[in-house]
Amino acid sequence: MKRVSLALAGALLACAGASAVAAGSAEAGKAVYQRVNCAQCHGADAKTTTDPSYPKLAGQHPDYLVHALRAYQRGQTNAAPSANIRKNPIMGAFAVQLSDQDIQDVAAYLSDLPGDLAVRK
């Protein structure tokens, strides 16, 4: 019985975390994408990048986008590498401009866009 209770508690926490990630507004996220000028590198449609080394963002998982943007923010603060940072002067400079709500919103917007991302078998 304890295992079932623990499994249910874990499932509830997972669902709560997933809904927190998807709490952003796609409409507000589009405004953030335009305001910060993400299209300059990632393309107006977020999948036609200006350089093949830049990632396609359209259709990406919102939790991944939130995680990545926060890691770029931490990378700008000289946090310890163990803090899961991403060091990139360009992305870091853009990411530090974003509030937590901006990050949620842009993640919601980008994940709602049709994209070319697929699971490879």
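Visitor: How many disulfides does the count come to?

Guide: The model is a predicted one, and a disulfide is taken here as a pair of cysteine sulfur atoms within 2.5 Å. The sulfur of Cys 38 has its closest cysteine sulfur in Cys 41, at 8.8 Å, which is too far for a bond, and Cys 41 is likewise in no disulfide. By this rule the count of disulfides comes to zero.

Visitor: Does Cys 41 count as buried or exposed?

Guide: The limit for a buried residue is a relative accessible area under 20%. Cys 38, at 21% relative accessibility, counts as partly exposed. Cys 41 has a relative accessibility of 18%, and therefore counts as buried.

Visitor: Which residues does Gln 60 touch, leaving out those up to four places away in sequence?

Guide: Gln 60 sits in the loop between helix H3 (39-42) and helix H4 (62-76), and with 16% relative accessibility it counts as buried. Once residues up to four places away in sequence are set aside, Gln 60 touches Leu 65, Leu 110, Ser 111 and Leu 117.

Visitor: How are H4 and H6 oriented to each other?

Guide: The axes of H4 and helix H6 (residues 100-112) come within 8 Å and cross at roughly 140°. The contact involves, among others, Leu 65 and Leu 69 of H4 and Leu 110 and Ser 111 of H6, and its residues divide into eight nonpolar, three polar and two charged. Angles over 145 degrees would count as roughly antiparallel, and H4 and H6 are therefore oblique to each other.

Key: Residues numbered from 1 in each chain as written. Predicted model: local features only at pLDDT ≥ 70, side-chain atom pairs only at ≥ 80, totals over all residues. Heavy atoms only, no water. Helix = DSSP H or I, 4+ residues; strand = E, 2+ residues; numbered from the N terminus. Buried < 20%, exposed > 50% of the residue type's maximum accessible area, 1.4 Å probe, protein only. Contact = heavy atoms within 4.5 Å. Axes fitted to C-alpha atoms, helices over the stretch in contact; angles between N-to-C directions. Parallel < 35°, antiparallel > 145°, perpendicular 65-115°, else oblique. Nonpolar A, V, L, I, M, F, W, Y, C, P; charged D, E, K, R; others polar.
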